[in-house]
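Welcome, and please have your viewer ready. We will go from one selection to the next and say what is there.

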Amino acid sequence: MAAAEDTNSTQNPSGSEAPKLSDLLDRGWKLYEEVDTTNEPSSSNAVQVKVKRGIMQLEEATRMVNQLNLFSRNEALEEISTADLKYLLLPALLGALTMKQVSPSKRLEHVQAARVYFMDFLQRCKEYEVCSFQLPRTSENTADTPTEEQTNPSVPMPVSQPDLIAMATQRQAKIERFKQRKETEAKLSEIRGLVESGSADEDVVRDFYLLHVRRWVTLALEEIDSINQEIEILKRMELFKQSAPQPSPPKRPPMKPFILTKDAVQAKVFGAGYPSLPTMTVDDWYEQHRRKGCLPDQGIPRSAVDGDADEDERAERERKEENDDEEALQKARDWDDWKDTHRRGYGNRKNMG
């Protein structure tokens, strides 16, 4: 197996030289450290641009590693060249950058992809026996496969007695990993200056990259624990949204009735007993319907109108007689004489057939 330093540059079809494998890893690694140590919000545009650029650099480096076949299951850790050791970190760095992507609609997709990267990293470290650790269970036995309680939110979660021994074991393992990570970080800080300055020999450089790999083993195990919990929460949230009842359409407001009052004074002062309801007088109602042409023509009989006119005429004649009006008296006498010689209804031809 050739070392990456001998084959980490290729030619593009256009003839221009492609970026070196080591440069791709260094750029992606540097972008991750900038994102991880920045004080800016992770959702800011500047941070997300660095995250995407770092992912692109590391993905390209991963493709080149696969083309070069740098790692094999048939070899031991001692057979890997010192220059190639750092490329074991590619899936771990990809998983860490993927977790820093901010997109609520794609969060489940991102955490699942990050879990795949971390599991690939841990699986390779387990095969090379980089350090002693227990490999997490695969997706078939974890939250990636929904259970009956996850697929049906109405089913209550079973209540079981906690396994105190298992809990104590997990807690002790976390404490041990934390101590190992702190010791590893202390050793890294001691030799970092020598490696970055280029004055370290090959053994120191090899220890430097192996310490980085072991540090990321502890980080990947912690990340997978948190990812498993987040995946379960995200899936239950998605199922809850799907099973939530759809909001009913808004109801139309009821029609407000109007109440007739006797006159304008009652409508203005007393209202109808319900101040929130609009009111109108009978005259207003009549005028409104007259403008709309809703009133019938036969509202008042014609004979009633004629009868009112006769009553007015009789009352006027009696008034004049009482005041001794000569003309009115003469008319009254003539009318009496005419009635004496003519029977009632004489000359009335209106009702003839």
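Start by selecting Gly54: this residue is buried, with a relative accessible area of 0% (buried means under 20%, exposed over 50% and partly exposed in between, using a 1.4 Å probe and protein chains only). Before moving on, note that this is a predicted model, in which local features need pLDDT of at least 70 and side-chain atom pairs count only at pLDDT 80 or more, while totals for chains, interfaces and linings use all residues. Residues are numbered from 1 along each chain as its sequence is written, and side-chain values use heavy atoms, leaving out hydrogens and water.

Gly54 sits in helix 3, residues 45-68 (helices are DSSP runs of H or I with at least four residues, strands are runs of E with at least two, and both are numbered from the N terminus). Now show what surrounds Gly54: leaving aside residues up to four places away in sequence, Gly54 touches Gly28, Leu31 and Leu97, where contact means heavy atoms within 4.5 Å. Draw a distance from Gly54 to Leu97, and you will find their C-alpha atoms separated by 7.3 Å, although the two are 43 residues apart along the chain.

Next, select helix 4 (residues 90-99) together with helix 5 (residues 107-128). They pack at an angle of about 165°, and their axes are 8 Å apart; the axes are lines fitted to C-alpha atoms over the stretch in contact, and angles run from 0 to 180 degrees between N-to-C directions. The pair is therefore roughly antiparallel, a label for angles over 145 degrees. To see the contact, show side chains: Pro91, Leu94 and Met99 are among the residues of helix 4 that meet helix 5, whose contact residues include His110, Tyr117 and Phe121.

Which cysteine sulfur is closest to that of Cys125? The answer is the one in Cys131, 6.7 Å away and so too far for a bond; a disulfide is a pair of cysteine sulfur atoms within 2.5 Å. Cys125 is buried at 1% relative accessibility, whereas Cys131 is partly exposed at 23%. Searching the whole structure gives 0 disulfides.

Finally, zoom out to the protein chain, with its 12 helices and 2 strands. Of its 353 residues, 27% count as buried.

Methods. Angles under 35 degrees count as roughly parallel, over 145 as roughly antiparallel, 65 to 115 as roughly perpendicular and the rest as oblique.
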